[in-house]
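Please open the model in a viewer and keep the selection tool at hand. The stops below are arranged as a sequence of selections.

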Amino acid sequence: MDFLDLVTQVIDLRSFSNLWYWIVLAILWSTLSHWVLGIPFHLVQRARRGDEDSLRDLQTLAEINTRRILDFASVSGTTMVASSAFVITSLVVLGWVYRVEFCQALVLLVLPLILVTALSIRTATILRETGFENLALRLRNHRLMVQGMGVVFIFLTAFWGMYVNVSVSRLY
C-alpha cells in the first residue's frame, strides 16, 4: 500500500458514510444549543433559579454579546449575506447538480449555521429593543428554537445520508 492509498482511505470524501462527519454534526448541534448568544446555558439556568451573581453575570454577558453581534451585523452584514449566499449557492450546485457528496454534506452543516446566526441577530435585536427585560426567558426561547432547528436538520441530514448511502451501494 503506498502513501496515496493510505491518505485516500483515511480522508474519505464520502461524507455520509464517514463516522467523523456524524461526530462533527453532533458536536455542532451540541455547541449551538449550549452557547446561547455566546452565553453558556448553565448560566442562564442559574440566573433563572435566582442566583444573584449569575443574574449579574448574565446581564453583563448579554449586553456585551448583544452589542458585539449587532455591531458585527451592522458593519459586515451585507458582505456576510452576499458571501454566504455565494458559498451556499456554489455548494448546492456542486452538490446536487454535479453530485459531489462532500458538498452536499457541507450544505447540511453550513446552512443551519447561517440560519442560527440570523436567529441570533434577531434575538439580539429584540433584547436591545426591550432593554433586556425577561432576559433569561428570551434566551431560553432562543435555545428552544435552535434545538428545534437542530432536530429538523439532524433528521434531514440523516434521511439524506441514508438515501445517498443506499443509492451509492446499489451502484457497486
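Predicted model: local features only at pLDDT ≥ 70, side-chain atom pairs only at ≥ 80, totals over all residues.

Residues are numbered from 1 along each chain as its sequence is written, and side-chain values use heavy atoms, with hydrogens and water left out.

**Stop 1: the salt bridge**

Select Arg56 and Asp53, whose side chains meet in a salt bridge at 2.4 Å, N to O. A salt bridge here is a side-chain nitrogen of Lys or Arg within 4 Å of a carboxyl oxygen of Asp or Glu. The structure holds 1 salt bridge. Arg56 and Asp53 are separated by about one helical turn because they stand 3 residues apart in helix H4. Helices (H or I, at least four residues) and strands (E, at least two) are DSSP runs, numbered from the N terminus. Arg56 is partly exposed, with a relative accessible area of 48%, and Asp53 is partly exposed at 44%. Buried means under 20% relative accessible area, exposed over 50%, and partly exposed in between (1.4 Å probe, protein chains only).

**Stop 2: the nonpolar patch**

Next, select Val93, Leu94, Val97, Tyr98, Val100 and Phe102, which make a nonpolar surface patch of about 530 Å². Patches consist of residues with over 30% relative accessible area and no salt bridge; like charges are joined within 9 Å, and nonpolar side chains (Val, Leu, Ile, Met, Phe, Trp, Tyr) within 5 Å. The accessible areas come from the Shrake-Rupley method with a 1.4 Å probe, and for residues only the protein chains shown count as cover. Helix H4 (residues 52–97) gives the largest share of the patch, 3 residues. Val97 lies in helix H4 and is exposed, with a relative accessible area of 57%.

**Stop 3: the largest pocket**

The largest pocket holds about 590 Å³ of space. Select Leu113, Val116, Thr117, Ala118 and Ile121, the closest to its centre of the 23 residues that line the largest pocket. On a 1 Å grid over the protein atoms alone, a pocket is an open set of points where a 1.4 Å probe fits, with protein on both sides within 12 Å along at least five of seven lines; lining residues have an atom within 4 Å of a point. Helix H2 (19–34), strand E1 (35–36), H4 and helix H5 (101–130) each supply at least two lining residues. The largest share of the lining, 9 residues, comes from H4. The lining divides into 14 nonpolar, 8 polar and 1 charged.

**Stop 4: two positive phi values**

Select Leu37 in the loop between E1 and E2. Its phi is near 55°, a positive value in a residue other than glycine, and Leu37 is buried, with a relative accessible area of 5%. Then select Phe132 in the loop between H5 and H6. Phi of Phe132 is near 65°, also positive in a residue other than glycine, and Phe132 is buried at 15% relative accessible area. Most residues other than glycine have a negative phi.

**Stop 5: a buried strand residue**

Finally, select Ile39 in strand E2 (residues 39–40). Ile39 counts as buried at 0% relative accessibility. Ile39 and Ala62 are 23 residues apart in sequence and 7.2 Å apart in space, C-alpha to C-alpha.

Definitions and conventions: Points joined across faces, edges and corners; volume = space filled by probe spheres on them. Nonpolar A, V, L, I, M, F, W, Y, C, P; charged D, E, K, R; others polar.
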